[in-house]
Amino acid sequence: MAANLHDIFMLFGDSITQGAWEPGLNGFGQRLSHVYARKLDVLNHGYSGYNTEWGLPVFEQCIAKTDEKHAPKIRVLVIWFGANDSCIKPSPQHIPLAKFVSNLKQMIDMIKSPESPRFSPETRIILISPPPVNTIVRKADLESREPPMELDRLFDVTRNYAEAVRILARDEGVGFVDIWTALWDAAGKEENGLAKVLGDGLHLNEAGYAILYDELIKTIGKDYPEVHYDNIGYVFPPWKDIDWENPAASMYINKRA
């Protein structure tokens with residue numbers, strides 16, 4: 001696949017996406033930026049605390065309309081929600097499961113539907129399931145705050161939201177990363193074991209992000225190999241391929257198929 005100037009690899013989600021470049025975590029956004037350097041610009045549109053209901057109007061503003069001819073093209077779009085939607089009542093972040101699925105489908109339809117003003121058939125969409133929650137650590141964290149807070153997430157509820165994302169990805173024919181299962185397996189399928197991959201019971205630590213990155217790259221290679229970093233050429237030529245007598249010509253004619 002040819003790369004074009006300003007082509008984008010967009011990450012859209014909540015705080016777990018926002019933390020993709022957090023110093024010291026070697027997050028998946030940081031690693032994606034490295035392997036896609038000079039190929040796709042990796043953008044972080046993670047919004048801490050957001051659910052799909054609050055994310056929808058933001059998403060609409062992040063995606064250019066088809067008639068905006070000079071807007072950057074999103075080649076890969078990763079959507080990662082559910083950690084907040086799956087909060088239990090009375091949390092204001094709670095979104096009922098059916099509405100959560102409907103909101104995700106709206107995001108997908110904005111890109112995939114020919115009737116959408118933001119129709120973008122060249123965009124490859126990948127959904128990521130919410131990760132499991134370590135309610136033991138999460139409960140202790142919330143109770144240590146001032147004032148203390150009640151547990152706001154339940155293990156089985158989050159699992160239901162993760163399964164709903166898997167089904168939606170299958171039904172919509174888009175890529176899917178089952179990070180819930182990947183982290184659960186890494187934890188030895190024990191809630192206490194989730195401390196290996198979750199820092200505070202909710203957010204991924206360095207080990208968790210490493211697993212997420214590997215699973216995401218596997219999904220790209222399997223479902224969308226044309227946008228795997230190994231299959232995308234540089235936007236501009238390697239320095240040894242520059243016409244040293246007329247360098248500008250090298251920069252403007254680099255349009256690989």
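Modeller: Axes here are lines fitted to C-alpha atoms, for helices over the stretch in contact, and angles run from 0 to 180 degrees between N-to-C directions. This is a predicted model, in which local features need pLDDT of at least 70, side-chain atom pairs count only at pLDDT 80 or more, and totals for chains, interfaces and linings use all residues. Residues are numbered from 1 along each chain as its sequence is written, and side-chain values use heavy atoms, with hydrogens and water left out.

Colleague: What describes the packing of α4 and helix α6 (residues 155–172)?

Modeller: Their axes come within 10 Å and cross at roughly 30 degrees. Helices are DSSP runs of H or I with at least four residues, numbered from the N terminus.

Colleague: Why is Met 107 called buried?

Modeller: Buried means under 20% relative accessible area, with exposed over 50% and partly exposed in between (1.4 Å probe, protein chains only). Met 107 has a relative accessible area of 0%, and is therefore buried. Met 107 lies in helix α4 (residues 97–112).

Colleague: Which residues does Met 107 touch, not counting those up to four places away in sequence?

Modeller: With contact meaning heavy atoms within 4.5 Å, Met 107 touches Phe 12, Thr 52, Gly 55, Leu 56, Phe 59, Ile 79 and Phe 81.

Colleague: Why are the buried residues of α2 said to line one face of the helix?

Modeller: In α2 (residues 28–35), Phe 28, Gly 29, Leu 32 and Val 35 are buried. Seen down the axis of α2, the buried residues fall within an arc of 130 degrees, so they line one face. The arc is that of the directions from the helix axis to the C-beta atoms.

Key:
Helix = DSSP H or I, 4+ residues; strand = E, 2+ residues; numbered from the N terminus.
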